[in-house]
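This report gives a short account of one chain, its fold and its contacts. Please look at the structure before reading on.

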Amino acid sequence: MDKKKSNRRFIVIALLACLVIAFFLSPLASSSPDGLEKAAENLGFLHLGEVLVWGHSLMPDYSIPFLGERSVSGMIAGLLGTLAVFGLGWGVGFALKRKKQTK
Amino acid sequence: MHIPDGFLSLSVAAATYGVAASVGAATIVQAKRRFSDRFVPLAGISAAFIFAAQMVNFPIGGGTSGHFLGAMLACLLLGPSVGFWIMSLVLAMQCLLFADGGITALGANILNMGIVGGIVSYWIFALIVKILPTTKGSFLAATFGVSWLAVVLAAFVCSVELGVSGTIPFKIVIPVMTGFHVLIGLGDALVTTAVLSYMLNARPDLVYSWSGSKGAPIGEEVTANG
């Protein structure tokens with residue numbers, strides 16, 4: 001198999017794996033507060049975080065607003081987010097790559 | 001450990017934004033010298049994996065959960081400079097699109113998870129593998145240990161920021177935060193080591209820290225497999 005083909009295959013399979021994680025595993029995630037949130041709760045400063053500075057998030061708390069709190073909402077948000085950062089990450093890599101070298 | 005708006009003082013928020021921006025500029029210079037073409041798609045894959053895996057919170061007991069961090073994973077696969085940028089990209093998107101992590105705390109979150117958990121931890125990793133024999137086994141052992149340490153260090157620095165902000169005294173928050181993250185870090189270490197172990201076998205040519213960078217273990221010439 002030539003190298004280009006095998007690279008393409010690797011990328012497609014790896015991206016599919018990420019999408020599977022975002023779509024099928026995210027509904028299984030624990031809904032307990034994370035380490036920082038729990039610390040804030042236990043130590044009594046959680047209320048400080050109840051301010052709204054940026055109210056323009058498209059998918060606040062990993063949900064699609066019009067789909068509500070159902071788990072399908074989180075699954076789709078995960079799928080869209082994964083695709084978005086995949087594209088942007090590729091772009092970041094492209095922007096940061098070194099100029100063609102002789103070697 | 002994404003800090004929301006409201007936890008940090010204005011001066012801490014500003015100072016951490018300053019540090020994040022300076023490191024951002026320095027890493028561009030570094031990446032432009034070293035980052036080769038063949039890693040470009042892997043940058044997208046790394047971002048996608050970190051984002052997706054971070055959604056899957058796992059319970060650590062006592063009604064608390066934690067999630068994968070991925071900073072060491074990004075640095076090991078892409079090198080610390082691009083790894084830092086990928087981590088920062090994920091944090092920025094989580095903040096802007098998903099309201100996970102505050103926009104005023106983004107500098108601090110990048111400092112904790114991208115710089116402390118990423119670049120600084122990668123340096124520690126590079127020092128350790130220099131001492132160890134250059135085998136896959138010791139590379140993976142160092143991966144496990146430093147991925148765990150990265151999460152604990154990031155949580156420690158996060159606690160310091162909360163202390164300096166006057167949100168909560170150091171000696172109260174540090175033990176609680178590091179205590180939780182000693183456990184959460186194990187989850188990160190397991191996932192990172194599993195991915196690196198797979199990559200070293202399947203695509204060693206796509207592990208920057210293994211085959212390409214100076215200061216990291218270049219035990220054997222690794223050629224791209226067909």
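The model is predicted. Chain B holds eight helices and two strands. Read from the N terminus, its elements follow the order α-α-β-β-α-α-α-α-α-α. The radius of gyration of chain B is 17 Å, close to the 17 Å that the globule rule gives for 226 residues, so chain B is as compact as a globular protein of that length. Along the principal axes, the C-alpha atoms of chain B fill a box of roughly 55 × 35 × 30 Å. Of its 226 residues, 58% count as buried. Among contacts in chain B with a separation of 6 or more, 71% join residues 24 or more positions apart.

Helix 3 (residues 71-78) and helix 6 (residues 136-164) of chain B have axes that come within 9 Å and cross at roughly 135 degrees. The two helices are therefore oblique to each other. The residues that make this contact are listed by helix below.

| Helix of chain B | Residues in the contact |
|---|---|
| Helix 3 | B:Ala71, B:Met72, B:Leu76 |
| Helix 6 | B:Thr143, B:Val146, B:Ser147, B:Ala150 |

By class, this contact of helix 3 with helix 6 has five nonpolar, two polar and no charged residues.

Between the chains, 64 residues of chain B are in contact with 53 residues of chain A. Several elements of chain B each supply at least two residues of this side, including helix 1 (10-34), strand 1 (58-61) and helix 7 (170-202). The largest share, 13 residues, comes from helix 2 of chain B. The residues on the side of chain B that touches chain A divide into 43 nonpolar, 15 polar and six charged.

Methods. Residues are numbered from 1 along each chain as its sequence is written. Chains are lettered from A and ligands numbered from 1 in the order in which they are written. This is a predicted model: local features need pLDDT of at least 70, side-chain atom pairs count only at pLDDT 80 or more; totals for chains, interfaces and linings use all residues. Axes are lines fitted to C-alpha atoms, for helices over the stretch in contact, and angles run from 0 to 180 degrees between N-to-C directions. Helices (H or I, at least four residues) and strands (E, at least two) are DSSP runs, numbered from the N terminus. Angles under 35 degrees count as roughly parallel, over 145 as roughly antiparallel, 65 to 115 as roughly perpendicular and the rest as oblique. Two residues are in contact if their C-beta atoms, placed from the backbone, lie within 7 Å. Ala, Val, Leu, Ile, Met, Phe, Trp, Tyr, Cys and Pro count as nonpolar, Asp, Glu, Lys and Arg as charged, and the others, Gly among them, as polar. The radius of gyration is taken over C-alpha atoms; the globule rule is 2.2 Å times the number of residues to the power 0.38. A residue is buried if 20 or more other C-beta atoms lie within 10 Å of its own, exposed if 12 or fewer, and partly exposed in between; C-beta atoms are placed from the backbone.
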